[in-house]
Structure formats: structure tokens, C-alpha cells
Amino acid sequence: MPNIVDDNVAQILPYLDAVMRETMLVHPGVGLLLERIVPKGGFTLPDGRFVPEGTIVGMNPWVINRNRTVFGPEPDSFKPERWLPAEGEHDEAYQTRFSKMKGTDLTFGAGPRACLGRYISQLESYKFVATLFTMFDVSFGCLQDVI
């Protein structure tokens with residue numbers, strides 16, 4: 001019987017968390033617009049523009065996840081380290097940066113219509129990947145010749 005990593009352990013591994021977040025950032029599961037209807041009374045955007053009630057608005061996670069002001073200068077590159085504290089970065093600055101990235105991530109949608117299966121999906125994924133690495137000696141050296 002394989003030694004399955006406990007979910008409490010899998011969720012506190014910082015680099016695993018960074019890899020999983022980066023994977024969802026670079027390859028979100030939804031490629032279409034996440035549409036919403038502007039509620040009664042309309043909505044004023046932060047830049048002052050007004051959107052009337054009944055207007056259908058939407059955001060595409062593939063586009064939002066490429067925002068350089070949030071995710072850095074290379075949002076298309078797979079860089080799990082962007083989710084970890086940078087060398088010399090104070091904890092307060094890191095928490096602010098992390099919260100901005102986390103709040104911008106639309107992989108599972110957001111608000112009251114976010115994916116109901118988000119947490120079970122993440123739990124399964126974290127446990128699977130952590131368990132995979134405990135069961136096998138994984139090496140990516142052979143890929144260097146291909147790349």
C-alpha cells in the first residue's frame with residue numbers, strides 16, 4: 001500500500017504550493033469569459049467609468065493571468081518562485097504582493113459564482129503530486145536533451 005501524503009502536510013509545503021499556483025496561473029482550466037451581469041443601479045469602475053445595469057461584462061482568466069503589473073515581467077514563463085518571498089523581500093511586502101496575485105487569479109472564478117469544487121480539486125491535486133514524489137525518484141535530466 002503506497003504511503004499517501006496527508007492533506008495537512010501537502011498543503012503546507014511552500015514549493016509545492018508555488019508550483020501548483022504557477023501551474024494554474026500559466027494554464028487556467030477555463031478559457032472562456034467568466035461573464036456576469038451588472039446589478040441594479042449599475043457599477044462605477046475604479047477609473048470612474050460607469051457601467052449601466054444589465055450590461056454583460058466578463059474577464060478571461062488566460063488574459064488576466066498575463067497581467068505584468070500583478071505577475072511580473074514574464075507572466076508567460078513558468079516561474080513558481082514568483083509565489084515565494086524574493087531574496088531580501090520583507091514579509092509585509094511579500095504578503096502584499098502575494099495577496100495581489102492570489103486575488104487576481106481567476107482559475108476557479110471568483111465571488112458567489114466561483115467553482116464549488118475548487119477546494120476538493122486543489123486538495124486532490126496537492127495530495128497527488130506530493131504522493132507521486134514520495135513514491136518515485138523523479139528526474140527531469142533526460143528532458144534537457146529534448147529541449
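Modeller: A salt bridge is a side-chain nitrogen of Lys or Arg within 4 Å of a carboxyl oxygen of Asp or Glu. This is a predicted model, where local features need pLDDT of at least 70, side-chain atom pairs count only at pLDDT 80 or more, and totals for chains, interfaces and linings use all residues. Residues are numbered from 1 along each chain as its sequence is written, and side-chain values use heavy atoms, with hydrogens and water left out.

Biologist: Thanks, that helps! How many salt bridges does the count come to by this rule?

Modeller: Look for pairs in which Lys or Arg meets Asp or Glu, with the two atoms within 4 Å. By that rule, the count for this model is six.

Biologist: Let's start with R21. With which residue does R21 form a salt bridge?

Modeller: The closest N and O atoms of this pair are 3.0 Å apart. The partner of R21 is D17.

Biologist: Why are R21 and D17 separated by about one helical turn, and in which helix?

Modeller: Helices are DSSP runs of H or I with at least four residues, strands are runs of E with at least two, and both are numbered from the N terminus. R21 and D17 are four residues apart along their helix, so about one helical turn separates them. The helix that holds both is α2.

Biologist: Are R21 and D17 buried or exposed?

Modeller: Buried means under 20% relative accessible area, exposed means over 50%, and partly exposed lies in between (1.4 Å probe, protein chains only). On that scale, both R21 and D17 are buried.

Biologist: Now for R49 and D47. How far apart are the closest N and O atoms in their salt bridge?

Modeller: Let's look at their surroundings before the distance. R49 is exposed, with a relative accessible area of 54%, and D47 is exposed too, at 52%. In the salt bridge between R49 and D47, the closest N and O atoms are apart by 2.8 Å.

Biologist: And R66: which residue's side chain meets the side chain of R66 in a salt bridge?

Modeller: The N to O distance in this salt bridge is 2.5 Å. The residue that R66 meets is D76.

Biologist: How many residues apart in sequence are the parts that R66 and D76 tie together?

Modeller: R66 sits in the loop between α3 (61–64) and α4 (68–71). D76, in turn, belongs to the loop between α4 and α5. Because the two residues lie in these two loops, the pair ties together parts whose separation in sequence is 10 residues.

Biologist: Let's move on to F133. Does F133 count as buried, exposed or partly exposed?

Modeller: F133 is found in helix α6, which covers residues 118–135. Its relative accessibility is 46%, so F133 counts as partly exposed.

Biologist: Where does D137 lie?

Modeller: D137 has a relative accessibility of 77%, so this residue counts as exposed. To find D137, look in the loop between α6 and α7 (143–146).

Biologist: One last distance, please. What separates the C-alpha atoms of D137 and V26?

Modeller: Along the chain, D137 and V26 are 111 residues apart. In the model, their C-alpha atoms are separated by 26 Å.
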